[in-house]
Each structure stands twice: as structure tokens, then as C-alpha cells.
Amino acid sequence: MKKVLVIDDNPTIVELIKYAVNLQGAYNVVVAYDGVQGLERVYAEQPDCVIIDVKMPRMDGYQLVRCLRGDARTMNIPLIILSAMTREQDQMTGLLSGVDDYLTKPFKPSALNAAIERVLRLTPADRQRRMDHLVQTQAERE
Amino acid sequence: MQQFRKLYILLVDSDPGACYRIQQALGEGFVLRNATSLAEAKQCLADSLPDMLISEVRIGQESGLELCRFVRLTPSLRFLPVMLLTSHATLQDKVAGFDAGADDYVVKPYDARHLVARIRLLSRMKRFEQNPD
């Protein structure tokens, strides 16, 4: 059974996400309630996918994503941000940080499950191609 | 292939071998200036503002985290993108790096293509944060 780590400082939201993910019944869900605890859980649990809130104590979601993407041991873990921050700027910061998908709250369980299935299929080569594409489209050109 | 503006990087690392390897990894899209101590790094920052600061966590007997804090507390440098590129890889190291004000934390050894992309994206992200339009 695939393991999904949910990192969110709001226990009610964590329970909602657990409920949504368990609708499919295909995942073992583990949780953390701030960014640093989430990082600890990544190392301890070695999840197949991580769902990350942005606004959290100790380490925010963007920092957590960069932290995981910057280390060869964790750089290819599928990462989804699920956040109440809905501005285009927020989503762009998430994508530039290295997240595989950015969903906004309130969320539909079906959309979350579809996103999990989608990011679980990504290969390291897919991820590198996406990053190269972002560089080509977003970085500063002459 | 798109042509990108050359980014001016201040690289702070006391190990000449590491500096050489980073220079080789980055290739020709970057202009690198190297500093091997905090004092030298601060002098470089006073001379000219780079597009990005990349620092080791341990610079000889000195701390790259102290340099991060200096950057964040200096008004003219506050928005400078800072990446820690380091062999210090524990969870505590990473938390301390972000607490000190680093924007990104990359653990050695690194893949050259991945590093180049991260530098370009971090530069874009910081500019986007300052000027979303």
C-alpha cells in the first residue's frame, strides 16, 4: 500500500484530507503538524507522496519543498501543495520551488485523489523535463 | 535553446576544489566571483551587488549561517537570493539554514543540470516575489 504523508498545522484540515484520501482506500496516511515535523516524518516514513500546506509554523511549505528537492535522497518524492493561498503568485512560487502540483482549498476529494495518482506516475526524467521547461519559460531571458 | 542573461554569482567557499567543481558545473551562463572568508564575502558585497549569493555552511572556521544573517539584516542586501550549497545534510542543518535566512538549501553532491535549473528558478522566484507584475 502506498504511503501518503499529510503536513498541515490545522488538525481539522488534516482529518478532512485523511478522509478524502481514504475514500479511495488505497493509501496508508501518516501526518505531521508543522514543517520541521514534516521533514522528520519524510526521513522516518519515506512516504510515496507528500501533501503540504504552505502557511505552517517553524518551516513553511515552500521551504519544505525546496529542502526536499535540494537533496538527492528526497528530490524525487512526489510533492503536492494544498493551500488556501490562491493567488497566481503563490502558485508560481510553489511551482518554482519544485512542487509537482498545486491545489487550493477548499478542495474536492476527487481532485486531490486525481492529483495523487498523477504525481505518483511521474518519473525523475519527467520532473527534470518539467524543471527545464520552467527554466525556459520563467527564467530571465536576455 | 533560449539565451539567458548571465547571472553574477558570489560564491563563498573556502575549498578551492569545491569552487572549481561548482564553476565547472555552472558553465558559461554565469559570472562567478569567489570569496573564501566572511570578511572577503562582505567586501565583495560592498563592492557590487550580485544576482545571487551561494555559500557553504562551513567557511574555514567561520559560519555561512552568520553570512546569511548579515545579508538579511543589511537593508541593501535584504532581497538578495541566498542559496546554501553544502555537505551539511542533517535535518538540523537544514532548519538552521532556513532560520538564518537562506532561500534554498542544496546538498552536495549535486547534479550539475539540476543545480543550474535551481539557481535560475530561485533567481526568478525572488524577482517574482518582489515584483509580481
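Me: Which strands of chain A does helix 1 lie across?

Reply: The model is a predicted one. Helix 1 (residues 11-22) of chain A lies across strand 1, strand 2, strand 3 (49-52) and strand 4 (79-83) of chain A. Relative to strand 2 of chain A, helix 1 runs at about 170°. Helix 5 (residues 109-120) of chain A also packs on the sheet, where it touches strand 1, strand 3, strand 4 and strand 5 of chain A, and its direction makes about 175° with that of strand 5.

Me: In what order do the strands of the chain A sheet stand?

Reply: Strands of a sheet pair through backbone hydrogen bonds, either parallel or antiparallel. In chain A, five strands form an open sheet in the order 2-1-3-4-5, and the pairing is parallel. Strand 2 (27-32) and strand 5 (101-104) of chain A are at the edges; each has a single partner strand, so one side of each lacks a neighbour in the sheet. On average, neighbouring strands of this sheet are turned by 20° against each other, direction ignored.

Me: How many bridges join strand 1 to strand 2 of chain A?

Reply: Six bridges join strand 1 (residues 2-7) to strand 2 of chain A. Within strand 2, A:Asn28 is the bridge partner of A:Lys3.

Me: Which residues are buried in helix 3 of chain B?

Reply: An α-helix has 3.6 residues a turn, so residues three or four places apart point the same way. In helix 3 (residues 64-73) of chain B, the buried residues include B:Gly64, B:Leu65, B:Leu67, B:Cys68 and B:Val71. These residues cover an arc of only 155° around the axis, which puts them on the same side of helix 3 of chain B.

Key
Residues numbered from 1 in each chain as written. Chains lettered and ligands numbered in written order. Predicted model: local features only at pLDDT ≥ 70, side-chain atom pairs only at ≥ 80, totals over all residues. Buried ≥ 20, exposed ≤ 12 C-beta atoms within 10 Å, placed from the backbone. Helix = DSSP H or I, 4+ residues; strand = E, 2+ residues; numbered from the N terminus. Arc of directions from axis to C-beta. Pairing = 2+ DSSP bridges. Axes fitted to C-alpha atoms, helices over the stretch in contact; angles between N-to-C directions. Contact = placed C-beta atoms within 7 Å.
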